[in-house]
Amino acid sequence: MKYFLFIILLFVSLAVWADDEKILNVYNWSGYISDDVLNQFEKETGIHVNYTTYDSNETMYAKLKADPDAGYDMVVPSTYFIDRMYKQGMLQKIDRSKIPNFKNLNPALLNKAFDPHNQYSIPYFWSTTGIVINTQYYPAGSITNWSDLWKGQYKDQLLILDDVREAFSMALITLGYSANDVDPAHIKAAYLKLRQLLPNVRLFNDEAAASIYIDEDAVLGMGWNGDIYMANKENPKVKFLYPKGGYVLSLDSMAIPRGARHVENAYKFINFILRPDIAMQISMATGYASPNLAAQKLMPKALAQNEITYPDAATLARGEVQTDVGPAANAIYEKYWELLKIGA
Ligand code: N2P
């Protein structure tokens, strides 16, 4: 009996110890959280968060691919990387019973083709990619479409997102193709189109885009809506507009990498992020759109009704959700992207 008790106690303490490492390693998009929210999580749970950021899906993917045991407990890939990653065995199946706040999510953003039953992904934010214009330099209305950015008068003016699928999306849309096109001839045509844009490109950047526009180091180009919402608050002449001919949308979702070592803490964090008050706070702090209906109800009108973050139904209908184009097309995009950057 004594031994039996001893063994039970040993197991219990081992289990507690395994669970008790109060650490969580989060790898998320830059500009997707506030320090306040991280501090609050640490205070409420006693779990220390090591928080690192990336600027493109490709960077995050490459890191996890190179070292599946890198130790990340939670990542936030976009739609078009979720399916790629779980098909390659890079993500763990999610135990929904550990995320009671899942119920707060907008059903319209769940059960999508890239993860039909949300077995691997839990929506964090959704975002859009549009045109950025500083109206002190260019009158509002002088630009309405991606194709305008090719005009000769904008030599050396543009900031283009340093992100292969984003940059290609505007060329593909301009050519009348889908932003998710897989036809090698169309991808090549988009590459050639982007080459024609190079004289107008001042720089490729993603993580510093907001401050570059705020400081007016670039006054025209492309950007992610949340970043530009924040930039507009600092410099009201920086405007975001939805191109008439279409643009891309992305749903960025929380996922648990296969090599995660603090899975229970990851669940706690995911559930915390889905709390209405927290989801509202991160949306307000970043300008990105919340997939959380309960949070949206709490939001001040200024954010809930602002059309950069939440475009109206007609504008939304012109958006195309980014999807995975598959390994063959991806390789073609990557090849041309590199050629483009060499030419830049
Ligand atoms: C970058 C956020 C990017 C979101 N700050 C892309 N879906």
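Predicted model: local features only at pLDDT ≥ 70, side-chain atom pairs only at ≥ 80, totals over all residues.
Me: Why are helix H2 and helix H10 called roughly antiparallel to each other?

Reply: Helix H2, residues 35-45, packs with helix H10, residues 276-286, at an angle of about 150 degrees, and their axes are 9 Å apart. Angles over 145 degrees count as roughly antiparallel, and H2 and H10 are therefore described in that way.

Me: Which residues of H2 and H10 meet, and how do they divide by class?

Reply: On the H2 side they are Asp-36, Val-37 and Gln-40, and these meet Asp-277, Ile-278, Gln-281 and Ile-282 in H10. Sorted by class, this contact of H2 with H10 holds three nonpolar, two polar and two charged residues.

Me: What makes helix H5 roughly perpendicular to helix H6?

Reply: Helix H5 (residues 164-174) and helix H6 (residues 184-197) have axes 9 Å apart and pack at an angle of about 105 degrees. The range from 65 to 115 degrees counts as roughly perpendicular, so H5 is roughly perpendicular to H6. Among the residues making this contact are Phe-168 and Leu-172 of H5, together with Ile-187 and Tyr-191 of H6, and the contact of H5 with H6 divides into 10 nonpolar, two polar and one charged residue.

Me: What is the angle between helix H8 and H10, and which residues make the contact?

Reply: Helix H8, residues 225-234, packs with H10 at an angle of about 60 degrees, with the two axes 8 Å apart. Gly-226, Asp-227, Met-230 and Lys-233 of H8 make the contact with Met-284, Ala-285 and Thr-286 of H10.

Me: Why is the pair of Arg-275 and Glu-44 called a salt bridge?

Reply: The side chains of Arg-275 and Glu-44 come to 2.8 Å, N to O, and because a salt bridge needs a side-chain nitrogen of Lys or Arg within 4 Å of a carboxyl oxygen of Asp or Glu, the pair qualifies. This pair links distant parts of the chain, since Arg-275 lies in the loop between helix H9 (263-273) and H10, while Glu-44 is in helix H2, 231 residues apart. By this rule the count comes to eight salt bridges.

Me: How do you know that domain 1 and domain 2 are in contact?

Reply: The domain assignment gives domain 1 as 2-126 + 250-310 and domain 2 as 127-248 + 320-341. Although 28 Å separate their centres, taken over C-alpha atoms, 25 residues of domain 1 are in contact with 23 residues of domain 2. Together the two domains bury about 1,900 Å² between them, 51% of it on carbon and sulfur atoms. Tyr-80, Tyr-288 and Ile-308 supply 35% of the area that domain 1 buries against domain 2, more than any other three residues.

Notes: Residues numbered from 1 in each chain as written. Heavy atoms only, no water. Axes fitted to C-alpha atoms, helices over the stretch in contact; angles between N-to-C directions. Helix = DSSP H or I, 4+ residues; strand = E, 2+ residues; numbered from the N terminus. Parallel < 35°, antiparallel > 145°, perpendicular 65-115°, else oblique. Contact = heavy atoms within 4.5 Å. Nonpolar A, V, L, I, M, F, W, Y, C, P; charged D, E, K, R; others polar. Domains from an automatic or database assignment. Buried area = accessible area lost by both parts, 1.4 Å probe.
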